[in-house]
Amino acid sequence: MNMTASLPHTEEEVLAEFRASGALLEGHFKLSSGKHSGHYLQCARVLMNPARAARLAEAIVAGIPADIIDQVDVVVSPAMGGIIVGHEVARALGKDALFLERPEGAFHLRRGFAINPGAKVLMVEDVVTTGLSSREAIAAVAREGGEVIAECALIDRSVGAVDLGVPFYPLAAFDFPTYAAGSIPEELARVPITKPGSRKD
């Protein structure tokens with residue numbers, strides 16, 4: 001059954017999914033990158049409805065070139081943020097979904113997960129901002145014996161500026177302003193800081 005016509009394709013359609021699920025937050029947020037922003041996209045909330053998560057994943061897959069999809073052996077995501085969207089992308093591709101964890105700071109596979117030597121991997125993230133987490137996850141896959149041939153994501157907050165070292169296919173790109181700790185606008189600085197992500201640092 002082809003549902004491509006009903007999938008969100010434009011930035012506005014994707015943002016509408018976030019708004020509809022209460023996942024576009026406004027306030028003062030310290031992002032996992034260390035930067036500050038007045039907006040936060042809470043992907044866990046937009047993905048909490050399984051039907052919406054499946055639809056968004058199908059839209060992501062629709063934006064990946066067929067020659068890359070044909071090569072994918074397994075889907076890998078970094079925990080925590082990438083697990084749900086990675087699982088749904090894997091479902092859309094008919095592949096297994098694995099996830100990386102870093103309880104001691106460095107990404108690696110646990111829970112009996114293993115990547116076959118030379119396996120072609122599609123990395124899946126929820127949000128990419130600086131790309132640091134993605135690059136660390138890609139390096140971890142190489143240590144585990146696989147090869148990341150591309151990455152996809154729900155949201156690219158770098159709006160095309162990020163370099164992951166592999167082809168990158170985000171569903172949508174949003175240019176919400178971000179600020180270093182020493183250059184936060186006064187009106188934003190007056191708002192109490194929230195750290196909405198899953199990382200403690």
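1. Let me start with R157, which sits in the loop between β7 (147–156) and β8 (168–173). Helices here are DSSP runs of H or I with at least four residues, strands are runs of E with at least two, and both are numbered from the N terminus. This is a predicted model, in which local features need pLDDT of at least 70 and side-chain atom pairs count only at pLDDT 80 or more, while totals for chains, interfaces and linings use all residues. Residues are numbered from 1 along each chain as its sequence is written, and side-chain values use heavy atoms, with hydrogens and water left out.

2. R157 counts as buried at 7% relative accessibility; buried means under 20% relative accessible area, exposed over 50%, and partly exposed in between, with a 1.4 Å probe and protein chains only. Its side chain makes a polar contact with the side chain of S37 (3.1 Å). A polar contact is a pair of N or O atoms within 3.5 Å; within protein, one must be able to donate a hydrogen and the other to accept it, and residues adjacent in sequence count only if both atoms are side-chain atoms. Not counting residues up to four places away in sequence, R157 touches, among others, L31, H39, Y40, T129 and F174, where contact means heavy atoms within 4.5 Å.

3. The UniProt annotation "binding site", from an unreviewed entry, covers T129 and R157. Although these are spread over 29 residues of sequence, they cluster in space, with a largest C-alpha distance of 4.8 Å. Please keep in mind that UniProt positions are given in the numbering used here, that feature names are shortened, and that annotations may be inferred rather than shown by experiment. T129 lies in the loop between β6 and α6 (132–143) and counts as partly exposed at 24% relative accessibility. Leaving aside neighbours within four places in sequence, T129 is in contact with S33, R157, S158 and V162.

4. UniProt also has a "binding site" listing (unreviewed entry) that includes D126, T129 and L132. D126 belongs to strand β6 and is buried, with a relative accessible area of 15%. Beyond neighbours within four places in sequence, its contacts include C43, G81, G82 and V85. L132, by contrast, is placed in helix α6 and is partly exposed at 41% relative accessibility.

5. The H36 side chain makes a polar contact with that of H28, at 2.8 Å. Outside four places in sequence, H36 is also in contact with residues including P177, Y179 and I193.

6. N49 caps the N-terminal end, with a side-chain oxygen 3.1 Å from the backbone nitrogen of A51. Among the buried residues of α3 are R52, L56 and I60, and their cover includes α1 (11–20), α5 and β7.

7. Two backbone details are worth checking. Most residues other than glycine have a negative phi, and most peptide bonds are trans. A cis peptide bond joins A79 and M80, with omega about 0 degrees; M80 lies in the loop between β3 (74–78) and α5 (83–93). R111, not a glycine, has a positive phi of about 60 degrees. R111 is found in the loop between β5 (108–109) and β6 (120–128) and is exposed, at 58% relative accessible area.
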